[in-house]
Amino acid sequence: MAKIATEALSPAYLAILLLVLTGAHRGDGDGLLWGVAAAVSCGLLPWLVIRSWVRRGKLTDRNIRLRSQRLTPLAATLALGLLSAAMGQAAGAPPDLVAVITAISAGVATGAMITVWWQMSGHTSMLTSTVLVLAQLYGPAILLLTPLIVVGAWSRLALKAHTPAQVCAGVALGTCTALAFGLLR
């Protein structure tokens, strides 16, 4: 069950979902198209690169358990996020979409800085920010999804991928990312 939960609640899948739903929140076809474009550039593309690096032996696994291997994928993800935010801003993307890409990029940058010294849970960070950002966009009923954060945290602990402190740090970073989104929008 823990493996299934970890896979289903993967940061890449959550990023794709969050970006599509943020674009769709605008309520028109253009917003949805912007969301899909952002999901491809900021979610699908990094996921494909990581999978390719795993196949070529540059990374040991998709979850990048070895802290020493995390910096390059995080830097690439950050670069794609910043480029997408800048291009979206310049081309007239929905402001909420630019704000969420920027906030997630700030979270990725913070996570990368922390990773230099200590490994924290990217799963719980992205899961927390996804639930809290969607609650800001779609209303407080989304908070009924909060137990998913507990499931995600449990799965990372059950798989011995993280310590309780690392999971809690991920939740804290995800909360800060969602707060940044609220300030940016």
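Val 151, in this predicted model, is partly exposed, because its relative accessible area is 34%, a value that lies between the limit of under 20% for buried residues and the limit of over 50% for exposed ones. The residue has its place in helix H7, which covers residues 147–158. Val 151 also belongs to a nonpolar surface patch of about 610 Å², which it makes together with Met 1, Ile 4, Leu 145, Leu 148 and Trp 154. If you look for the part of the chain that gives the most to this nonpolar patch, you will find that it is helix H7, with three residues.

From this surface we can turn to a residue in another helix. Thr 128 is found in helix H6, which runs through residues 122–138, and Thr 128 counts as buried because its relative accessibility is 2%, where buried means under 20%. Which residues does Thr 128 touch, when those up to four places away in sequence are not counted? They are Ile 149, Val 171, Gly 174 and Thr 175.

Pro 73 is placed in helix H4, made of residues 71–91, and Pro 73 is buried, since its relative accessible area is 4%. Leaving aside its neighbours within four places in sequence, Pro 73 is in contact with Ile 50, Trp 53, Leu 59 and Ile 64.

The cysteines are the last stop. How many disulfides does the structure hold? It holds zero. Cys 168 is in no disulfide, and the nearest cysteine sulfur, which belongs to Cys 176, is 13 Å away; a disulfide would need the two sulfur atoms to be within 2.5 Å. Is Cys 168 buried or exposed? Cys 168 is exposed, because its relative accessible area is 52% and the limit for exposed is over 50%. Cys 42, by contrast, counts as buried, because its relative accessibility is 15%, which is under the 20% limit.

Notes: Residues are numbered from 1 along each chain as its sequence is written. This is a predicted model: local features need pLDDT of at least 70, side-chain atom pairs count only at pLDDT 80 or more; totals for chains, interfaces and linings use all residues. Side-chain values use heavy atoms; hydrogens and water are left out. Helices (H or I, at least four residues) and strands (E, at least two) are DSSP runs, numbered from the N terminus. Buried means under 20% relative accessible area, exposed over 50%, partly exposed in between (1.4 Å probe, protein chains only). Contact means heavy atoms within 4.5 Å. Patches are made of residues with over 30% relative accessible area and no salt bridge: like charges are joined within 9 Å, nonpolar side chains (Val, Leu, Ile, Met, Phe, Trp, Tyr) within 5 Å. Accessible areas come from the Shrake-Rupley method with a 1.4 Å probe; for residues, only the protein chains shown count as cover. A salt bridge is a side-chain nitrogen of Lys or Arg within 4 Å of a carboxyl oxygen of Asp or Glu.
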